[in-house]
Amino acid sequence: MYYGETVKINRFDGEYFEVNHNWLMDIVWDKYHMPLQEFLDSYDRRDSDYILTLADQNALHYGIK
C-alpha cells in the first residue's frame, strides 16, 4: 500500500514494514520487471521476505510494526 514517500509491505503475520517508494520501485522493476502498483496488487510472503532482506542488506531505514 502506498503512503506518499513510503510503501507499506505486509509481512503476512500481522506485521508490516515501510520502505521508501523510489527504492522499492527500482527493486521491483529490476527483479520482477513490472510496475510497482502491479507488484503491490500481487506480491506474496516470499516477495515480502526478499524485500525485507534487501532492506537489511542495504541498511535501509525501515520499521516493522
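Modeller: One definition before we start: a residue is exposed if its relative accessible area is over 50%, buried if under 20%, and partly exposed in between. Also, this is a predicted model.

Colleague: Okay. What is the mean pLDDT of the chain?

Modeller: The mean is 87, and 83% of the residues reach 70 or more.

Colleague: What pattern does the chain follow along the sequence?

Modeller: Going along the sequence, you read β-β-β-α-α-α-β. That is three helices and four strands.

Colleague: How much of the chain do buried residues make up?

Modeller: They are 34% of the 65 residues. As for contacts with a separation of 6 or more, 48% of those in the chain are between residues 24 or more positions apart.

Colleague: Let's do helices. Which residues of H3 are buried?

Modeller: H3 covers residues 45-57, and its buried residues are Asp47, Ser48, Ile51, Leu52, Leu54 and Ala55. Looking down the axis of H3, they fall within an arc of 160°, so they line one face of the helix.

Colleague: What is on the other side of H3?

Modeller: Arg46 and Gln57 are there, and both are exposed, so each has over 50% relative accessible area.

Colleague: Why do residues three or four places apart point the same way in an α-helix?

Modeller: Because an α-helix has 3.6 residues a turn.

Colleague: What happens at the start of H3?

Modeller: A side-chain oxygen of aspartate 44 comes to within 3.2 Å of the backbone nitrogen of arginine 46.

Colleague: What does serine 48 touch?

Modeller: Leaving out residues up to four places away in sequence, serine 48 touches Ile9, Asn10, Arg11, Phe12, Phe17 and Tyr43. With asparagine 10, there is a polar atom of the serine 48 side chain 3.0 Å from the backbone oxygen.

Colleague: How far apart are serine 48 and tyrosine 16?

Modeller: In space, 9.2 Å from C-alpha to C-alpha; in sequence, 32 residues.

Colleague: Switching to H1. What should the 12 residues of H1 span?

Modeller: At 1.5 Å a residue, H1 (residues 21-32) should span 16 Å, and the end C-alpha atoms are 16 Å apart, which agrees. Seen down the axis of H1, the buried residues fall within an arc of 155°, so they line one face.

Colleague: Which ones are the buried residues of H1?

Modeller: His21, Trp23, Leu24, Ile27, Val28 and Tyr32.

Colleague: What caps the N-terminal end of H1?

Modeller: Asparagine 20 does, with a side-chain oxygen 2.8 Å from the backbone nitrogen of asparagine 22.

Colleague: And what comes just after H1?

Modeller: Histidine 33, which takes a positive phi of about 55° although it is not a glycine. Histidine 33 is in the loop between H1 and H2, and it counts as exposed because its relative accessibility is 56%.

Colleague: New topic: how many aromatic pairs are there in the whole structure?

Modeller: Four. One of them joins phenylalanine 12 and tyrosine 43: the ring centres are 5.7 Å apart and the planes are at 70°, so this pair is edge-to-face.

Colleague: What does that pair tie together?

Modeller: Parts that are 31 residues apart in sequence, because phenylalanine 12 lies in the loop between S2 and S3 and tyrosine 43 in the loop between H2 and H3. Tyrosine 43 also pairs with phenylalanine 39, and that pair is stacked, at 5.4 Å centre to centre with 20° between the planes.

Colleague: Are phenylalanine 39 and tyrosine 43 buried or exposed?

Modeller: Both are buried. Phenylalanine 12, by contrast, is partly exposed, with a relative accessible area of 41%.

Colleague: What phi does phenylalanine 12 have?

Modeller: A positive one, about 65°, although phenylalanine 12 is not a glycine.

Colleague: Last one: which residues form the aromatic cluster?

Modeller: Phe12, Tyr32, Phe39, Tyr43 and Tyr50 form one cluster.

Note on methods: Residues numbered from 1 in each chain as written. Predicted model: local features only at pLDDT ≥ 70, side-chain atom pairs only at ≥ 80, totals over all residues. Heavy atoms only, no water. Helix = DSSP H or I, 4+ residues; strand = E, 2+ residues; numbered from the N terminus. Expected span 1.5 Å × (residues − 1). Buried < 20%, exposed > 50% of the residue type's maximum accessible area, 1.4 Å probe, protein only. Arc of directions from axis to C-beta. Polar contact = N/O pair within 3.5 Å; in protein donor to acceptor, adjacent residues only side chain to side chain. Contact = heavy atoms within 4.5 Å. pLDDT = per-residue confidence, 0-100. Phe/Tyr/Trp six-rings, centres within 6.5 Å; stacked < 30°, edge-to-face > 60°.
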